[in-house]
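Here is a short briefing on one protein chain. Please keep the sequence and the 3D view open while reading.

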Amino acid sequence: MKLAFKQRLKHALVERAARGLTRELIPLARQNGAQFVHQGNQYLNFSSNDYLGLATDPTLIAAWQEGLSRYGCGSGASPLVTGFHQTHQTLEAMLCEWLGYERAILFNSGFSANQAVLLSLLQRGDLLLQDRLNHASLMEAGTLSAATMKRFRHNDVAHVSALLSAEHTNVVVTEGVFSMDGDCAPLAELSTCVQHRAVLMVDDAHGIGVLGDRGMGSCAAVGIHPDLLVVTFGKAFGLSGAAVLCDRDTGDYLTQFARHHVYSTAIPPAQAYALSRAIEMIQQDQWRRDKLRQLQALYHTHLAWHTAASLSQTPIQPLIVGSSTQALQLASALREQGIWVSAIRPPTVPEGTARLRVTLTAGHSEAQVRQLAVTLQQVMARIGEY
Ligand SMILES: Cc1ncc(COP(=O)(O)O)c(C=O)c1O
């Protein structure tokens, strides 16, 4: 029995390795900024989602340290026991004020927020429509939920319209900015399409802080207000955690029934305190978004000629190379030149679309982006087929 169990695990590992899909943990030394140190070597880092460069910002570090001195380390309990602190309350209020919602419910991660929403809000007989490129946390929750889930073609509003059902409660879920492609969902069209026919949920993990006036994200950028908005704190906020923005009743419901909220230790009050400071920085530091735009434009001028480069209007700039082996070869050749770009392979992305996922941040300099572009061209020419 036990042997069969162990063999099953071994088999899965061997099979993954045979397909060139094994992932590795990369222990970093010091900070994960525009550069990092791994095994004694320094690399230019084009793999992080710290889009605004806040993760290593001294002001934010000081805010978290101040929070630690004032409120201690851990929250000590789940929110409905004694884990909920005034710093959480302030953070929720700031999120509501900024993004225009009645309620914000905090979670330990975007993954758990997405799971909590779909697993607690959906019931048997509901129809859940998801963009086929939605994040694993959404897809997995949809599969596990009581609803019937269908995937619509990526960013295809006509397909959504065709799938909506008059007999069921419909819930349509999309990302604001797609994490592996960097393209934006057609949110205005989607919102018009679903109107009163469906509940619209947008996971804006990669748009919040980066797009829109005062960094209000993908939805504000096109003037829509989805019923449910998920924002995560591990990317532009430079920290970790997440919130679901919604109306009062949905917020009350999630507070009672979202198991990832109810049965999980609340984020530390000091972290909530730092997150409030991060919101202020996101709102006030327009220069970070301006710098990102400049770096994107610079990168595009160097890579525009290349067919593998899908030049997006967000910090995520994928180079789709197709095979996992080629993606790994390119990543390793870049590493030899002191540049770290992650190779993203199936099942994270569809078969045949392995890629280098280049991410730009406000912490990069123009010289660093130029170095990336030039080195990329050199290694692509050397490895061939490009
Ligand atoms: C679109 C999207 N949603 C949710 C998540 C999960 O967020 P977290 O890292 O906070 O768990 C991620 C990635 O991490 C993501 O890319």
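Which strands does helix α4 lie across, and at what angle does α4 run to β3? Helix α4 (residues 86-99) lies across β3, β8 and β9 (242-246). The helix runs at about 130 degrees to β3. The model is predicted. Its chain is divided into domain 1 (25-52 + 286-383) and domain 2 (58-284).

**The seven-stranded sheet**

- An open sheet is built from 7 strands, in the order β3-β9-β8-β7-β6-β4-β5. Its pairing is mixed.
- β3 (103-107) and β5 sit at the edges, and each pairs on one side only.
- On average, neighbouring strands of this sheet are turned by 20 degrees against each other, with direction ignored.
- β7 pairs with β8 (residues 228-232) in the parallel sense, over 3 bridges.

**Strands β10 and β13**

- β10 (residues 316-322) is mostly covered, with 6 of its 7 residues buried.
- β10 and β13 run antiparallel and are joined by 6 bridges.
- Q317 has V358 as its bridge partner in β13.

**Between the two domains**

- The centres of domain 1 and domain 2, taken over C-alpha atoms, are 27 Å apart.
- Domain 1 gives 23 residues to the contact, and domain 2 gives 25 residues.
- The size of an interface is often given as the accessible area lost when the parts come together.
- Here domain 1 and domain 2 bury about 1,600 Å² between them. Carbon and sulfur atoms account for 56% of that area.
- The count of salt bridges between domain 1 and domain 2 is 1.
- A salt bridge joins the side chains of D181 and R355, at 3.1 Å from N to O.

**Backbone points to check**

- Most residues other than glycine have a negative phi, and most peptide bonds are trans.
- P347 is placed in the loop between β12 (342-344) and β13 (354-359).
- Is N155 buried or partly exposed? N155 counts as partly exposed because its relative accessibility is 22%, and buried would require under 20%.
- R214 has a relative accessible area of 35%, so it is partly exposed.

Key
Residues numbered from 1 in each chain as written. Predicted model: local features only at pLDDT ≥ 70, side-chain atom pairs only at ≥ 80, totals over all residues. Heavy atoms only, no water. Helix = DSSP H or I, 4+ residues; strand = E, 2+ residues; numbered from the N terminus. Buried < 20%, exposed > 50% of the residue type's maximum accessible area, 1.4 Å probe, protein only. Pairing = 2+ DSSP bridges. Axes fitted to C-alpha atoms, helices over the stretch in contact; angles between N-to-C directions. Contact = heavy atoms within 4.5 Å. Domains from an automatic or database assignment. Buried area = accessible area lost by both parts, 1.4 Å probe. Salt bridge = Lys/Arg side-chain N within 4 Å of Asp/Glu carboxyl O.
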